[in-house]
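Dear colleague,

Please find the structure we spoke about below, followed by my notes on it. I would be glad if you read the notes with the structure open beside them.

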Amino acid sequence: GMIDNWLKQLNPEQREAVLHNEGPQLILAGAGSGKTTVLVTRTGRLIAEKKAKPEQITVMTFTNKAARELKDRVAAKLGPSAKGIWAGTFHSFGLNVLRKYHKLAGLPKQFGILDATDARALVRELGKDLHHSSKQGFDAEKLLSIMASWRQEGRTKAKSEDEYEELTQMLLPKYLKRLELLGVADFDGLLLKPLQIFSEHPHVRDECNDQIKYLMVDEFQDTNLVQLRLVQRLVEDHHNIAVVGDDDQSIYGWRGACVSNILNFPRLYKDCHVVRLERNYRSTPSILKVANEVIHKNSERHAKILKAEAAKEQDHKPELFVYETEEEEADDVVQQIHHFVREGYGYNDIAILYRSNSQGGLIEGSLRHGQIPYALT
């Protein structure tokens, strides 16, 4: 029937995740295991089965691009009614709440948003008024991240004699006062202010709980404590919360992401349904074997092993090269490329992935020196 139409391309685990209705669900999805497909299909099925109207479904994604992809894919099957689904980032969700309840947030109707660059400039400007000349040359980035954690914890007093702690105690109230005078919210405020409204005006929290019948969160391993708190407040009445994430892929620890959110999720919600998507559609068995061996060494993780579902016919063993220096590495990359081209491969058959942008410069230099045409993507 109609539902089979939604389910026919899915493997058994994906199907299990898609067919889940009420209550909390944790979907542990390894790389390339089709998590977007699961989110799209579950959203579409809930609407097709009339479990929810499109506007009763909210999906939090990590980027606006992911939100657009989700809506487009649901719309491709469901038609224009999919436009009613709310999908977007946590920050755009917070922005929506604040636009609707701007008076309660103490913001003007057409309030602006202070981006990271403006926030740094503002902090530096406020720092100029400090009488301690020793405190003039502070790192604005570092100060803002300390201010962010104070705001998350509701702290106002320094815990130690550390100069950044003392600076924060002096500058945080001034900073918040200035935001108020300017009639703007900063990025942290887009998450913290809605939480404050929910606490001070329970009827607003009730309205949001009634409006959102099903909440889904993608890339849950990259959420921080404030985002987790927001999620919890939005589903307090019904616990219809499905989160998708991969505890082995959290790369935002330095931004305050808490991998513990995903590790402890089944403890937060006792009746939590857990599904593991372990079939990888993007890679070959031997590459996954290397990845699984490396990941296996992580101590804090949910147990799961990725298994390859891709065509098995030509499975080459990955090779590992160890170099003394970055220069040696960059030169050898060029030698390897020359070797493959001599074997009859084209330049566009070859890809180089590197971990950080700073590594790219060295490799690019070597490629130019070796007269190898390349494109950065």
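F265 and Y269 are both buried, where buried stands for under 20% relative accessible area, exposed for over 50% and partly exposed for what lies in between (1.4 Å probe, protein chains only). Please bear in mind that this is a predicted model, in which local features need pLDDT of at least 70 and side-chain atom pairs count only at pLDDT 80 or more, while totals for chains, interfaces and linings use all residues. Residues are numbered from 1 along each chain as its sequence is written, and side-chain values use heavy atoms, with hydrogens and water left out.

On the aromatic side, rings of Phe, Tyr and Trp (its six-membered ring) are paired if their centres lie within 6.5 Å, and the planes count as stacked when under 30 degrees apart, as edge-to-face when over 60, and as tilted for the rest. The count by this rule is 5 aromatic pairs. In one of them, the ring centres of F265 and Y269 lie 5.1 Å apart with the planes at 50°, so this pair is tilted. In another, F340 and Y345 are edge-to-face, with 5.8 Å from centre to centre and 85° between the planes. F340 is partly exposed at 33% relative accessibility, and Y345 is partly exposed as well, at 45%. Ring pairs also join F220, F265 and Y269 into a cluster.

As for the chain as a whole, it holds 16 helices and 10 strands, which are DSSP runs numbered from the N terminus (helices H or I, at least four residues; strands E, at least two). The C-alpha trace spans about 65 × 65 × 40 Å along its principal axes, and buried residues account for 43% of the 377 residues. If contact is taken as heavy atoms within 4.5 Å, then among contacts between residues at least 6 apart in sequence, 74% join residues at least 24 apart. The chain exposes about 21,200 Å², of which carbon and sulfur atoms supply 52%; the areas come from the Shrake-Rupley method with a 1.4 Å probe, and for residues only the protein chains shown count as cover.

Where does S366 sit, and which residues does S366 touch? S366 belongs to helix 16 and counts as buried, with a relative accessibility of 12%. Leaving aside residues up to four places away in sequence, S366 touches A330, D331 and V334. With D331, the side chain of S366 makes a side-chain to side-chain polar contact at 3.4 Å, a term that covers a pair of N or O atoms within 3.5 Å, where within protein one must be able to donate a hydrogen and the other to accept it, and where residues adjacent in sequence count only if both atoms are side-chain atoms.

Most residues other than glycine have a negative phi. K50, however, has a positive phi near 60°; K50 lies in the loop between helix 3 (35-48) and strand 2 (57-60) and is exposed at 74% relative accessibility. E219 likewise has a positive phi, near 50°, in the loop between strand 6 (214-217) and helix 11 (225-234), and E219 is partly exposed at 22%.

With kind regards
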